Amino acid sequence: MSKKIRTEAVDYLFKAVLSLKDKEECYTFFEDICTINELLSLSQRFEVAKMLRQQKTYLEIADKTGASTATISRVNRSLNYGNDGYDMVFERINGGDSK
């Protein structure tokens, strides 16, 4: 990765996210900090990752989420060669069941 992600600004953003107490606070904060399209793109990628972990095909995922095959492929690369962030979160929110 050519861009440095670990910056003071990113640290401050993550500190803000970690301060949120519930889903309503998340909606309040993320609706202010993101455009609707940015938020929908993030949630789409998360849904794509969940479906990939459920062994769904690219066609099934594209039909259900509207994601392009390029987006599905990018998420699949993150799942297979990334930092295991998706799996860490799936484990925490679903007890390992990404369904």
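This is a predicted model: local features need pLDDT of at least 70, side-chain atom pairs count only at pLDDT 80 or more; totals for chains, interfaces and linings use all residues.

Student: Where does T71 lie?
Tutor: T71 lies in helix α5. Helices here are DSSP runs of H or I with at least four residues, strands are runs of E with at least two, and both are numbered from the N terminus. Residues are numbered from 1 along each chain as its sequence is written, and side-chain values use heavy atoms, leaving out hydrogens and water.

Student: Okay. Is T71 buried or exposed?
Tutor: T71 counts as buried, because its relative accessibility is 12%. The cut-offs are under 20% relative accessible area for buried, over 50% for exposed and partly exposed in between, with a 1.4 Å probe and protein chains only.

Student: And what is T71 in contact with?
Tutor: Skipping its neighbours within four places in sequence, T71 is in contact with Q44 and R45. Contact here means heavy atoms within 4.5 Å.

Student: Which backbone atoms lie by the polar side-chain atoms of T65?
Tutor: The backbone oxygen of I61 is 2.7 Å from a polar atom of the T65 side chain, and the backbone nitrogen of A67 is 3.1 Å from a polar atom of that side chain. For reference, a polar contact is a pair of N or O atoms within 3.5 Å; within protein, one must be able to donate a hydrogen and the other to accept it, and residues adjacent in sequence count only if both atoms are side-chain atoms.

Student: Switching topic: which residues make up the largest nonpolar core?
Tutor: That core has ten residues: V48, A49, M51, L52, I61, A67, I72, V75, L79 and F90. A nonpolar core is a set of buried Ala, Val, Leu, Ile, Met, Phe, Trp, Tyr and Cys residues joined through side-chain atoms within 4.5 Å.

Student: Which elements give two or more residues to this core?
Tutor: α3 (36-53) and α5 (69-81) do, and α3 has the largest share with four residues.

Student: Pick one from α5. How buried is V75?
Tutor: V75, which lies in α5, is buried because its relative accessible area is 2%. Leaving out neighbours within four places in sequence, V75 is in contact with R45, V48, A49, L52 and Y86.

Student: What about L52, what is it in contact with?
Tutor: With neighbours within four places set aside, L52 is in contact with Y58, I61, I72, V75, N76 and L79.

Student: Which residues other than glycine have positive phi?
Tutor: Q55 is one, with phi near 65 degrees, and D84 is another, at about 65 degrees. Q55 is in the loop between α3 and α4 and counts as exposed because its relative accessibility is 67%. D84 is in the loop between α5 and α6 (85-94); D84 is partly exposed because its relative accessible area is 47%.

Student: How far is T28 from Y58?
Tutor: Their C-alpha atoms are separated by 33 Å, for positions 30 residues apart along the chain. T28 is found in helix α2, residues 23-33, and is exposed because its relative accessible area is 52%.

Student: How much of the protein is buried?
Tutor: Of its 99 residues, 15% count as buried. Among contacts with a separation of 6 or more, 41% come from residues 24 or more positions apart.

Student: Last one: how many positive and negative side chains?
Tutor: There are 15 positive and 15 negative, and the centres of the two sets lie 5 Å apart. Lys and Arg count as positive, Asp and Glu as negative, with His and the chain ends not counted; each charge is placed at NZ of Lys, CZ of Arg, CG of Asp or CD of Glu.
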